[in-house]
Amino acid sequence: MKKNMGKTDKAVRIVVALIAALLVYFQVVTGTLANVLIAVAAIFVLTSLVSFCPLYRLFGLQTCATGQKS
């Protein structure tokens, strides 16, 4: 897997995952929506840790620096 996520993208995903987890923990969100939020949060954390998002590859996106100057 080639990295396709930049530092800012990873930080935003971690913050969103933390907010989702807090919403579920404090029972602001419950039921099926809580389960969906936890799943999305887990995916965000996992993709942030490995710096790779499969959807980015599918759509041809890349937010990390390539090291090449134009």
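Contact means heavy atoms within 4.5 Å. The structure is a predicted model, in which local features need pLDDT of at least 70, side-chain atom pairs count only at pLDDT 80 or more, and totals for chains, interfaces and linings use all residues. Residues are numbered from 1 along each chain as its sequence is written, and side-chain values use heavy atoms, with hydrogens and water left out.

View 1. Arg-13 belongs to helix H1, which spans residues 7-25; helices (H or I, at least four residues) are DSSP runs, numbered from the N terminus. With a relative accessible area of 9%, Arg-13 is buried (buried means under 20% relative accessible area, exposed over 50%, partly exposed in between; 1.4 Å probe, protein chains only). Apart from neighbours within four places in sequence, the residues in contact with Arg-13 are Met-5, Phe-44, Thr-47, Ser-48, Cys-53 and Tyr-56. Two of these contacts are also placed by ring geometry: the charged end of Arg-13 sits over the ring of Phe-44, 5.1 Å from its centre, and Arg-13 lies over the face of Tyr-56, at 5.3 Å from the ring centre. A charge sits over a ring if NZ of Lys or CZ of Arg is within 6 Å of the ring centre and within 35 degrees of the ring normal.

**View 2. The salt bridge of Arg-13 and Asp-9.** The whole structure contains one salt bridge, defined as a side-chain nitrogen of Lys or Arg within 4 Å of a carboxyl oxygen of Asp or Glu. The side chains of Arg-13 and Asp-9 form a salt bridge at 3.5 Å, N to O. Because the two residues are four apart in helix H1, about one helical turn separates Arg-13 from Asp-9. Both Arg-13 and Asp-9 are buried.

**View 3. Cys-53 and Cys-64.** The structure holds zero disulfides, a disulfide being a pair of cysteine sulfur atoms within 2.5 Å. The closest cysteine sulfur to that of Cys-53 is in Cys-64, 12 Å away, and is therefore too far for a bond. Cys-53 is buried at 6% relative accessibility, and Cys-64 is buried at 17%.

**View 4. The aromatic pair Tyr-25 and Phe-26.** The count is one aromatic pair; rings of Phe, Tyr and Trp (its six-membered ring) pair if their centres lie within 6.5 Å, with planes under 30 degrees apart stacked, over 60 edge-to-face and the rest tilted. The ring centres of Tyr-25 and Phe-26 are 5.0 Å apart and their planes lie at 80°, so the pair is edge-to-face. Tyr-25 and Phe-26 are both exposed.
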